[in-house]
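Trainee: Before we look at this model, could you show me how to read the surroundings of its aromatic rings?

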Amino acid sequence: MDDLTLPDGPFTTYVAQRLFSDTQWRSLVRTGLVKPVLTGVWVSASVNDSVELRCRAASLVLTDDAVFCDRTAAWLLGVDVFHYRELEILPPLEVFVLRGSQRVQRPQVVGGERDLSPHDIIELHGVRLTSPLRTALDLACKLPRYQALAALDAFMRRYGLTTQVLWQELKRYRRRRGVVQARELVFKASPMAESPRESWVRLAIADSNLPLPVPQYWVQEHGVDVFRVDFAYPKARVAIEYDGEEHHDLTDEQRERDAARRAWLRDRGWTVIVVTKAGFTDAGRELWLRELRRALRVPN
């Protein structure tokens, strides 16, 4: 079997039948040198599974009016809105067809019909998907509220979408499910958030009827930038920092730097509130928000 050359990317069973004899193909499958990506689509076993690979595979067997949407489109556009575990166990591809077309009915694919204008659709990686603007607003309607804001923030940061552009496009979404949530979140979204959890921190503060802090604030000494904090109330000298899952991967030196930075701030009269992953449970959120109200001298 060493002399057989496999295609570089995904290929259909029909293509395999043209490239290999029945005996060769059965041997490739039996020995695990090829693996299925989707039903009827194969790839060399040496190729790592990914959303991009599955989209390329799906494009080989989908009709021309099929469009990747929602979270699948976001991933292809470089915005990750998947749950952490889904990066290991990939979810079904989200594929929709234009209104009036036959829906895609294949394993590993979910979707339906959707009204899409020509300017809603772009081509990337050889597949058709919704544009950054369309994908951002679809997710703002569809995702749970905290995840929806994080998605809007990420698209604003990566693609330069503005509040005005998002709001103008939302006029097309009248009466669509989730549009009320999208209208609210568009005015809370910001390109300054550098991670989904930072978006969540900001929304939790807004939901508590507290004034929004300044994101990515540089603390100065003698007119010189010294340390940047995730959020700050400069006049009240209150800083909020998020330590996420990635914090566990920091080196001892990085942790010591974080501790030294926060000690430096506290020595200069700053209150530093550290929000961890546990801070997004109902009980955990109330704890740091209570600490924030106390620091801002706002009654609980």
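Mentor: Let us begin with Trp270, which is buried because its relative accessible area is 7%, where buried means under 20%, exposed over 50% and partly exposed in between (1.4 Å probe, protein chains only). This is a predicted model, in which local features need pLDDT of at least 70 and side-chain atom pairs pLDDT 80 or more, while totals for chains, interfaces and linings use all residues. Residues are numbered from 1 along each chain as its sequence is written, and side-chain values use heavy atoms, without hydrogens or water.

Trainee: How many aromatic pairs does a search of the whole structure find?

Mentor: The search finds 11, counting rings of Phe, Tyr and Trp (its six-membered ring) with centres within 6.5 Å, and calling planes under 30 degrees apart stacked, over 60 edge-to-face and the rest tilted. Trp75 and Phe82 form a tilted pair, because their centres are 5.5 Å apart and their planes stand at 35 degrees. Of its two members, Trp75 is partly exposed at 24%, whereas Phe82 is buried at 11%.

Trainee: Why is the pair of Tyr217 and Trp270 tilted?

Mentor: Their planes stand at 40 degrees, with ring centres 6.4 Å apart, so this pair is tilted. It links distant parts of the chain, 53 residues apart, with Tyr217 in strand β9 and Trp270 in the loop between α10 and β12; helices (H or I, at least four residues) and strands (E, at least two) are DSSP runs, numbered from the N terminus. Tyr217 counts as partly exposed, at 25% relative accessibility.

Trainee: Which residues form one aromatic cluster?

Mentor: That cluster is formed by Phe11, Phe20, Trp25 and Trp42.
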